[in-house]
There are 2 protein chains.
Amino acid sequence: MTYCLAMRLKEGLVFLSDTRTNAGVDNVGTYRKQHVIAPGPSRVFVLESAGNLATTQEVLDRIQRDLATEGGHESLASVNYLFEAALYVGRVSRQVVTEHGDGLVGVDATATFILGGQIQDGEPDILLVYPEGNYIRASDELPFLQIGEAKYGKFLLEMAATLDVNPATATKSALGSMMSTARANLSVGPPYDLGVYVRGSFKVDEFRIDADSPVLVALQRTWERQLRASFAELPSFSREDLDRVSRSGEDS
Amino acid sequence: MTYCLAMRLKEGLVFLSDTRTNAGVDNVGTYRKQHVIAPGPSRVFVLESAGNLATTQEVLDRIQRDLATEGGHESLASVNYLFEAALYVGRVSRQVVTEHGDGLVGVDATATFILGGQIQDGEPDILLVYPEGNYIRASDELPFLQIGEAKYGKFLLEMAATLDVNPATATKSALGSMMSTARANLSVGPPYDLGVYVRGSFKVDEFRIDADSPVLVALQRTWERQLRASFAELPSFSREDLDRVSRSGEDS
């Protein structure tokens with residue numbers, strides 16, 4: 001599986017992706033799932049992918065071919081809005097799955113994407129592209145998106161993700177969500193790819209965070225210690241504080 | 001959906017269940033999913049259920065009928081080991097699903113259970129009963145079991161659940177796991193049913209914790225504040241601490 005997330009901040013966008021792939025526990029690999037595409041001076045895209053690895057790779061190859069090929073066809077260089085970019089990615093994704101349909105009976109070949117970035121003077125934004133080809137935006141109330149193994153780390157993002165934090169703080173909570181997921185689910189793991197985009201810069205700073213990265217080790221140690229301390233400091237209560245259920249005899 | 005968990009401690013067992021059921025978002029109900037059955041002086045069982053509500057209710061009714069009916073048949077009064085009780089529950093569960101099979105085409109009628117308790121001088125234990133009728137125990141390393149929407153609250157249990165904590169502390173982390181789940185997933189919600197069993201007592205203390213319970217409100221407030229504080233206290237790092245990915249031109 002996979003865990004990728006993206007956060008929308010007032011200052012810009014933060015992307016974090018794991019790199020683990022597996023086709024059964026005896027076929028585990030490391031693949032980049034976060035890709036920066038900058039097809040022009042005033043446009044930049046970050047594409048995070050989850051789902052069938054063959055599909056996501058072919059989608060990326062087709063996106064690059066569309067950029068490299070002359071002609072009036074749609075591409076990430078031609079779209080004028082992020083939602084058009086999302087629809088374009090969704091269409092390519094559906095085409096790939098459809099064309100392999102005959103050979104993929106009983107296999108889920110679909111892929112899901114998070115597409116983020118900025119086009120010219122449009123607002124930076126993040127969109128989730130479904131296998132069906134349509135998309136949703138993140139809300140202002142919960143300004144984050146997740147794909148893949150999203151459940152384990154959702155609570156932390158709900159607590160921490162707001163528009164107002166700066167990219168450094170957002171990165172810490174993104175890594176907290178990622179660590180919670182990787183600890184609970186073996187199919188998600190380091191190294192992690194971090195992308196930080198500051199609005200108007202049209203340039204994504206990319207970092208690779210390895211399992212033995214001092215930053216990651218320090219964050220993980222502190223995070224787990226803090227969590228345990230939080231448990232210890234939760235208010236104690238006695239049984240008298242609770243509503244006891246009175247029973248007479250057996251209960252069903 | 002549902003979220004039920006159980007923890008095995010040196011001192012005894014802790015059970016926590018939500019009560020929300022839903023058949024679509026326009027058909028939401030509250031049903032007890034934690035049931036204490038004490039069919040004799042030196043045996044007590046706690047059964048937590050997830051899955052098809054009709055199936056779980058018929059399983060409970062059949063368990064009670066087996067207890068109420070004379071005869072040499074197996075029941076929770078006759079089994080000598082907890083694993084026999086688990087196999088018995090699994091067999092009843094499969095029977096119910098099988099007998100309704102004709103009427104349930106395309107519907108998942110299966111149910112999953114956590115069975116805990118103690119029989120005579122056997123060790124108190126918790127077992128997860130699969131829809132297939134077999135079972136697993138919790139390990140000593142991670143002495144907890146979960147059924148239903150298990151992913152959201154797994155990380156917290158992995159951090160907090162050990163054999164050595166007392167039931168009061170275990171209850172706090174169980175509620176923390178439950179609150180994380182309920183916040184992230186609407187299909188899990190209060191009131192919550194708490195069961196605490198002290199080894200050798202053959203009596204389960206049962207509590208119902210409502211959404212407006214002062215204990216729950218205080219725990220939730222403190223827990224969220226502590227978590228946010230934990231984020232704030234995570235070590236800061238500058239971009240220079242990370243391995244920047246150098247890029248030349250476009251990337252795929």
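Two strands are taken to pair if DSSP finds at least two bridges between them. Helices (H or I, at least four residues) and strands (E, at least two) are DSSP runs, numbered from the N terminus. The structure is a predicted model, in which local features need pLDDT of at least 70 and side-chain atom pairs count only at pLDDT 80 or more, while totals for chains, interfaces and linings use all residues. Residues are numbered from 1 along each chain as its sequence is written, chains are lettered from A and ligands numbered from 1 in the order in which they are written, and side-chain values use heavy atoms, with hydrogens and water left out.

Chain A contains 5 helices and 13 strands. The C-alpha trace of chain A spans about 80 × 45 × 35 Å along its principal axes. Of the 252 residues in chain A, 54% are buried, where buried means under 20% relative accessible area, exposed over 50%, and partly exposed in between (1.4 Å probe, protein chains only). Among the contacts in chain A with a separation of 6 or more, 63% involve residues 24 or more positions apart; contact means heavy atoms within 4.5 Å.

In chain B, 5 strands form an open antiparallel sheet in the order S5-S6-S7-S8-S9. Strand S5 (34–37) and S9 of chain B stand at the edges with a single partner strand each, so one side of each is left without a neighbour in the sheet. On average, neighbouring strands of this sheet are turned by 20° against each other, direction ignored. The antiparallel strands S8(B) and S9(B) are joined by 3 bridges, and B:Leu128 has B:Ile136 in S9(B) as its bridge partner. Helix H2(B) packs on the sheet, where it touches S6, S7, S8 and S9 of chain B, and its direction makes about 150° with that of S7(B). For such angles, axes are lines fitted to C-alpha atoms, for helices over the stretch in contact, and angles run from 0 to 180 degrees between N-to-C directions.

Helix H2 (residues 82–99) of chain B has 18 residues and reaches 26 Å from its first C-alpha to its last, close to the 26 Å expected at 1.5 Å a residue; the expected span is 1.5 Å times one less than the number of residues. The buried residues of H2(B) include B:Leu82, B:Ala85, B:Tyr88, B:Val89, B:Val92 and B:Val96. Their cover includes helix H1 (53–68) as well as strands S6 (43–51), S7 (111–119), S8 (125–129) and S9 (135–137) of chain B.

In chain A, strand S6 (residues 43–51) is mostly covered, with 8 of its 9 residues buried. Strand S5 (residues 34–37) of chain A runs antiparallel to S6(A) and is joined to S6(A) by 4 bridges; A:Gln34 stands opposite A:Glu48. These strands, S5(A) and S6(A), form a hairpin with 5 residues between them. A further 9 bridges join S6(A) to the antiparallel strand S7 (residues 111–119) of chain A, with A:Ser49 opposite A:Phe113.

A second sheet draws on both chains: 6 strands form an open antiparallel sheet in the order S13(A)-S12(B)-S11(B)-S2(B)-S1(B)-S10(B). Strand S13 (243–244) of chain A and strand S10 (144–148) of chain B stand at the edges, each with a single partner strand, so one side of each is left without a neighbour in the sheet. Strand S13(A) is joined by 2 bridges to the antiparallel strand S12 (residues 204–209) of chain B, and the bridge partner of A:Asp243 is B:Arg208.

Helices H4 (residues 167–184) and H5 (residues 214–233) of chain A pack at an angle of about 80°, with their axes 10 Å apart. That makes H4(A) roughly perpendicular to H5(A); angles under 35 degrees count as roughly parallel, over 145 as roughly antiparallel, 65 to 115 as roughly perpendicular and the rest as oblique. The residues that meet include A:Leu175 and A:Met179 in H4(A) and A:Leu219 and A:Trp223 in H5(A).

Most residues other than glycine have a negative phi, and most peptide bonds are trans. The peptide bond from A:Pro190 to A:Pro191 is cis, with omega near 0°, and a cis bond with omega about 0° also joins B:Pro190 and B:Pro191. Residue B:Gln120, in the loop between S7 and S8 of chain B, has a positive phi near 50°.
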